[in-house]
Structures are given as structure tokens and as C-alpha cells.
Amino acid sequence: MSTMSQKNDGKRSARERMQEERAAEQAKARRLRKLAVAGTVLAVLVVAVVVGILVMNSKTTSYSAAQAPAGTTGSNNLQVPVGAANAPSTLTIYEDPRCPACGEFEKSFHATVNQLLGQGKIQIRYHVVSFIDRHNPGDTGSKNAANALGCAQNVGLFHPYHDVLYANQPDETDDAWADKGKLITLAKQVKGLDTPTFESCVNNNTFGAWVTAVETDFDKSGYNSTPTILLNGTSAYPTYNGVSISPQSLIAAVDAANKGKPLGTLTPASASALASPNS
């Protein structure tokens, strides 16, 4: 090989090395840009998650009893009382409006419970929970119905509207009450409830914070299914003290618990609130 050829080979090799080094630097720069973009995206996602958690916590912790419907009672006004306040026995009921087992309980015990209420033997304390919406992401029927019940309670018509909802309860897998218009239409069956005020309350989710607070309270209660029913604090469904509950045995249990105690006195307002389209 001549001396000139060796010099040319050396220059080509130098050029190739420079090209390789330049290509490597460009590739490194591209990788760094990609990492920077990925880091930015990750940071945005982290911030979004943190903000979401803060918003959720804010919604949970921002509830105050003043946001509850009128006439609610108990700790933070999470209970809806129905019947005489001085009734000798208390029936505590945790129900989800979409819960089919709750619907079955209402069908079987509706007349009996209303009879006991009218006689001043019991007061019911309803906890309107809404956990069934969790089964399918995006469902809102339970929460909408719970809010609508809060709207009815706010004008003293919880009980009749409660009975109308259970008489028209959709299948559990049918999120029919995601359509608030259906809840408003059902209000037409309750005298005095079908008003612009009620419609606005339903559409604006006026008692949404209360609905969330009731559900949060249920989650912390240790109970994990509905209906959960307690007679004077003792589980009463599907059995009470080891005996299967029936309308007849519920009456017997209440009478035994009330023995020797005066019956409750219904005020005109509480008596009126018992009026049910399905009585």
C-alpha cells in the first residue's frame, strides 16, 4: 500500500469516528429529551392524583350537620327518624335504594312496620346508604335516590316517597335512577312533593355531602350488607334472638320489648309523615 493510500484511509477512519461520535451524542440527546418528557408527564399525573385525593378528603371532611336535610337526627344528623319520637322501641334500618334484599324486606314487612309506627310502638331510624353504585364504576342510581330521599325528608315527605321508591325499585343491575328525571316523575305519586323546589333539589344534588357522610358512617359501622335491621340495638333480620323474623314474630318481639311501657305519641306532623301511597 502506498503512503498516499494510507493517509486517505486514516482520514476516512477519522471521519467515520467523528460521525459515530456525533450519532451517539444525538441518540443520547434524544434519550434525555424522552426522559424529560416522561418525567414531566409522571409529575403531572402525581400532582393530579394528589389533588384528587385532597378533593376527595375535602368532600369527606367538609360535611357538617348543617348540610343535612331538615328533621334528621343522631350524630351529625345522619339518621332519618319516622314515627313517634317517644316510642318505646327503635327499629334501626340501613337500606340502599337499589338493594334487592331491601326491596324484599319492604314488600314483606311494609304493612307490619307501618302498623307498628301508627300504633306508636316503634320509631324507625333510617340510614340511607348508597354502596351499590360501587359495583359498577360510573353508576349513580343509589346516590341519586339517596339524595332524592333527602330532598323529600327536607319537606317532611320522606316516608311516603321512600315507599314509592321501593314499590318501583328497578333491578339491581339496572342503573335506572342515574336518570334523575325518573326520581322526579315518581314524586308525582306523593301528594305535595312534586314541586319546583324538589325538582331543583334532585337535579342539583343538594344533599350530596350528606349522602356521602351517611355512606362513610356505614362503612365505619362494621356492617357490610343491607338491609341491616336492629330492634333496640339487637340484630333483627333475618333472625332475632335466633328466631327467623316474620311479620308476626316482629310484632311479638316489639310487644315483648314494650311490655309495661307507654306507647309513643304521634304529633300531627309525624302522623302526617306516615301517610303512604302504598299503605
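The legends below describe several close-up views of one predicted model.

In this predicted model, local features need pLDDT of at least 70 and side-chain atom pairs count only at pLDDT 80 or more, whereas totals for chains, interfaces and linings use all residues. Residues are numbered from 1 along each chain as its sequence is written, and side-chain values use heavy atoms, with hydrogens and water left out.

**View 1. An open sheet of five strands with mixed pairing.** The strand order is S1-S3-S2-S4-S5, where strands (E, at least two residues) and helices (H or I, at least four residues) are DSSP runs numbered from the N terminus, and two strands pair if DSSP finds at least two bridges between them. Strand S1 (80-83) and strand S5 (234-235) are at the edges and have a single partner strand each, so one side of each is left without a neighbour in the sheet. Strand S2 (residues 89-95) pairs with strand S3 (residues 122-128) in the parallel sense over seven bridges, and Leu91 stands opposite Ile124 in S3.

**View 2. The largest nonpolar core and the surroundings of Trp210.** A nonpolar core is a set of buried Ala, Val, Leu, Ile, Met, Phe, Trp, Tyr and Cys residues joined through side-chain atoms within 4.5 Å; buried means under 20% relative accessible area, exposed over 50%, and partly exposed in between, with a 1.4 Å probe and protein chains only. The largest such core has 60 residues, and Val113, Ile124, Tyr161, Phe198 and Trp210 are those with the most contacts inside it. Leaving aside residues up to four places away in sequence, Trp210 touches Tyr63, Gln67, Ala68, Pro69, Thr72, Asn77, Leu78, Val80, Ala146 and Gly150, a contact being heavy atoms within 4.5 Å.

View 3. Most residues other than glycine have a negative phi, and most peptide bonds are trans.

**View 4. The largest cavity.** On a 1 Å grid over the protein atoms alone, a cavity is a set of points where a 1.4 Å probe fits but cannot get out, and a pocket is an open set with protein on both sides within 12 Å along at least five of seven lines; lining residues have an atom within 4 Å of a point. Of the three cavities of 30 Å³ or more found in the whole structure, the largest holds about 50 Å³ of space, a volume being the space filled by probe spheres set on the grid points, which are joined across faces, edges and corners. Its lining includes Ile93, Phe105, His110, Tyr126 and Asp163, and helix H2 (100-118) gives the most to that lining, with six residues.

**View 5. The largest pocket, about 290 Å³ in volume.** Among its 18 lining residues, Ser130, Asp133, Lys143, Thr212 and Glu215 lie nearest its centre. Helix H3 (141-154) and H7 each supply at least two residues of the lining, with H7 giving the most, six residues.
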